[in-house]
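Colleague: I'm new to this one. Can you walk me through it?
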Amino acid sequence: MINYADYSFYIEDYKGSLSADLFSSYIIKASREIDKNINCELSEEKISKLSEREQWQLKYCACELCDFFKNSGDNSQIYGTGADNISIDGVSINKSSNKKSESQIEKSRLSILSNLPTSLTRYL
């Protein structure tokens, strides 16, 4: 299995802020997420046949997924459920409004995956 970006691309081109260790753990998950959303099994040979732009898109998408998993997609504690404000008998409780719902997280994930090269997703 191939990881679709390396740390030097993440830092230099994508301008990410994860440590090398965190990146190393998230790039595996990001690359497998890409595998689930493309129309072929990528090998080094197939990647080398992609245009430079498509190779860049693949790497950039992998880096975006790394940040996504770090910030919202890899932590079940971030899901917001139920009402944000509850008031009973004059006592009010406000939940944190910075939590994302599962549907918001899924929308973000799909938005990132939509940036994959169309040659890899055309037949899905």
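Predicted model: local features only at pLDDT ≥ 70, side-chain atom pairs only at ≥ 80, totals over all residues.

Colleague: Where does α2 bend, and by how much?
Modeller: The bend is at Tyr26, and its angle is about 25°.

Colleague: Which residues of α2 are buried?
Modeller: Phe23, Tyr26, Ile27 and Ala30 are among them. Ser31, Arg32, Glu33 and Ile34 are also on that list.

Colleague: There are charged names in there. How many salt bridges does a search of the whole structure find?
Modeller: That search finds 5.

Colleague: Which residue does Asp35 pair with?
Modeller: Asp35 forms a salt bridge with Arg32, and their closest N and O atoms are 2.9 Å apart. The two sit 3 residues apart in α2, which spans residues 20-35, so about one helical turn separates them. Asp35 is partly exposed, at 27% relative accessible area.

Colleague: And what does Glu33 pair with?
Modeller: Glu33 has a salt bridge to Arg109, with 2.5 Å between the closest N and O atoms. Glu33 is in α2 and Arg109 is in helix α5 (residues 102-113), so the pair ties together parts that are 76 residues apart in sequence.

Colleague: Are those two buried or exposed?
Modeller: Glu33 is buried, with a relative accessible area of 10%. Arg109 is buried too, at 16%.

Colleague: Which residues are linked with them in a network of salt bridges?
Modeller: Lys36 and Glu106 are linked with Glu33 and Arg109 in that network.

Colleague: New topic. What about Lys49?
Modeller: Lys49 forms a salt bridge with Glu45, the closest N and O atoms being 3.2 Å apart. Both are in helix α3 (residues 44-49), 4 residues apart, so the separation is about one helical turn. Lys49 is exposed, with a relative accessible area of 66%.

Colleague: Which buried residue has no salt bridge?
Modeller: Asp67 is one of that kind. Asp67 lies in helix α4, residues 52-73.

Colleague: Why no salt bridge there?
Modeller: A salt bridge needs the charged atoms within 4 Å.

Colleague: What does the side chain of Asp67 make a polar contact with?
Modeller: With the side chain of Tyr14, at 3.0 Å. Leaving aside neighbours within four places in sequence, Asp67 is in contact with Tyr10, Tyr14 and Leu18.

How values were computed. Residues numbered from 1 in each chain as written. Heavy atoms only, no water. Salt bridge = Lys/Arg side-chain N within 4 Å of Asp/Glu carboxyl O. Buried < 20%, exposed > 50% of the residue type's maximum accessible area, 1.4 Å probe, protein only. Bend = angle between axes of the 7 residues up to and from the residue. Lys, Arg positive; Asp, Glu negative; His and termini not counted. Polar contact = N/O pair within 3.5 Å; in protein donor to acceptor, adjacent residues only side chain to side chain. Contact = heavy atoms within 4.5 Å.
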